[in-house]
Amino acid sequence: MKLHNYFRSSASFRVRIALNLKGLDYEYIPVHIARGDHKTGPFSAISPDMLVPLLEDDGERFTQSMAIIEYLDEIQPEPSLLPHDPVGRAHVRAMAQSIACEIHPLNNLRVLKYLVRELKLDDDAKNTWYRHWVREGMLGFERQLAQRPASVYCWGDTPTLADCCLVPQIFNAQRFDCDLSGLPRTMAVYEACMQLDAFQRAQPSRCPDAET
């Protein structure tokens with residue numbers, strides 16, 4: 001397996017966590033998104049949307065982190081990242097998508113660059129935008145957790161797709177000094193995840209292309 005990714009990409013971070021949880025080895029191929037390397041050179045020729053992550057496996061190329069993680073779950077069923085029952089799977093997917101589809105797209109690097117370059121927002125205004133949408137999204141995530149019985153992770157006592165999405169979002173939120181107060185269930189899950197080697201090894205500072 002080859003994973004084309006960028007150390008600061010939360011979508012790439014999700015896939016690194018999943019690969020680690022599955023115990024799957026992969027070749028790390030860095031693509032410097034902030035520098036624009038995803039739009040030029042060899043990567044742009046193999047990625048239709050010119051976004052990371054991109055996973056190469058068995059002659060196939062897969063894009064979009066959620067699709068990649070579900071692919072990994074199908075080819076390597078254990079440990080499962082989705083519950084075995086339809087109800088549980090739907091709830092876990094909903095939690096994961098509340099981050100991947102609601103929070104992340106509004107705060108993607110290309111969106112932040114557009115706010116600055118095209119709409120001429122200064123850094124303070126850009127960061128206010130970022131913090132607002134993260135806060136709104138995380139409050140919603142907390143409400144989802146509060147509707148369920150207490151558990152170690154987002155769903156039960158083993159990490160799932162939802163945890164793979166939550167941890168990178170918290171990392172980004174902390175990087176932008178977002179308000180994470182009043183999220184007891186969410187932050188407890190985050191702390192539990194970060195006790196696991198699979199999450200520790202996947203974090204940006206442990207990546208070969210990490211920058212300070």
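User: Which loop is the place of D58?

Analyst: Heads-up: this is a predicted model, so local features need pLDDT of at least 70 and side-chain atom pairs count only at pLDDT 80 or more, while totals for chains, interfaces and linings use all residues. Numbering runs from 1 along each chain as its sequence is written, and side-chain values use heavy atoms, with hydrogens and water left out. Helices (H or I, at least four residues) and strands (E, at least two) are DSSP runs numbered from the N terminus. On that basis, D58 sits in the loop between β3 and β4 (60-63).

User: Is D58 buried or exposed?

Analyst: The scale is relative accessible area: under 20% is buried, over 50% is exposed and anything in between is partly exposed (1.4 Å probe, protein chains only). D58 comes in at 74%, so this residue counts as exposed.

User: And what is the phi of D58?

Analyst: Most residues other than glycine have a negative phi. D58 isn't a glycine, yet its phi is positive, at about 55°.

User: K120 has a positive phi too; where is the place of K120?

Analyst: K120 isn't a glycine either, and its phi is about 65°. K120 is exposed, since its relative accessible area is 65%. You'll find K120 in the loop between α5 and α6.

User: Which residue does a cis peptide bond join to P53?

Analyst: Most peptide bonds are trans. P53 lies in the loop between α2 (41-46) and β3 (54-57). The bond into P53 is cis, with omega about 5°, and the partner is V52.

User: What is omega for the cis peptide bond that joins E78 and P79?

Analyst: P79 is in the loop between α3 and α4. The E78 to P79 bond is cis, and its omega is about -10°.

User: How many salt bridges does the structure hold?

Analyst: Side chains of opposite charge can pair when their charged atoms come close. Here a salt bridge is a side-chain nitrogen of Lys or Arg within 4 Å of a carboxyl oxygen of Asp or Glu. One of them pairs R35 with D37, closest N and O atoms 3.1 Å apart; R35 is exposed at 58%, and D37 is partly exposed at 26%. The total is seven.

User: How many residues apart in sequence are the parts that R93 and E70 tie together?

Analyst: R93 and E70 form a salt bridge, 3.0 Å from N to O. R93 belongs to helix α4 (residues 86-107) and E70 to helix α3 (residues 65-75), so the pair links parts of the chain whose separation is 23 residues.

User: What about R135 and D179: how many residues apart in sequence are the parts they tie together?

Analyst: This salt bridge has its closest N and O atoms 3.8 Å apart. R135 is in helix α6 (residues 123-146), and D179 is in the loop between α7 (161-175) and α8 (184-193), so the pair connects parts separated by 44 residues.

User: At what angle do α1 and α7 pack?

Analyst: Contact here means heavy atoms within 4.5 Å, and F13 and I17 in α1 are among the residues that meet α7 residues such as V167 and F171. Axes are lines fitted to C-alpha atoms, for helices over the stretch in contact, with angles from 0 to 180 degrees between N-to-C directions. The two axes are 8 Å apart, and the angle is about 135°.

User: What does that make α1 and α7 to each other?

Analyst: Under 35 degrees is roughly parallel, over 145 roughly antiparallel, 65 to 115 roughly perpendicular and the rest oblique. The α1 and α7 pair is therefore oblique.

User: Is F7 buried or exposed?

Analyst: F7 is in the loop between β1 (2-5) and α1. Leaving out residues up to four places away in sequence, its contacts include R16, Y28, P204 and C207. Its relative accessibility is 3%, so F7 is buried.
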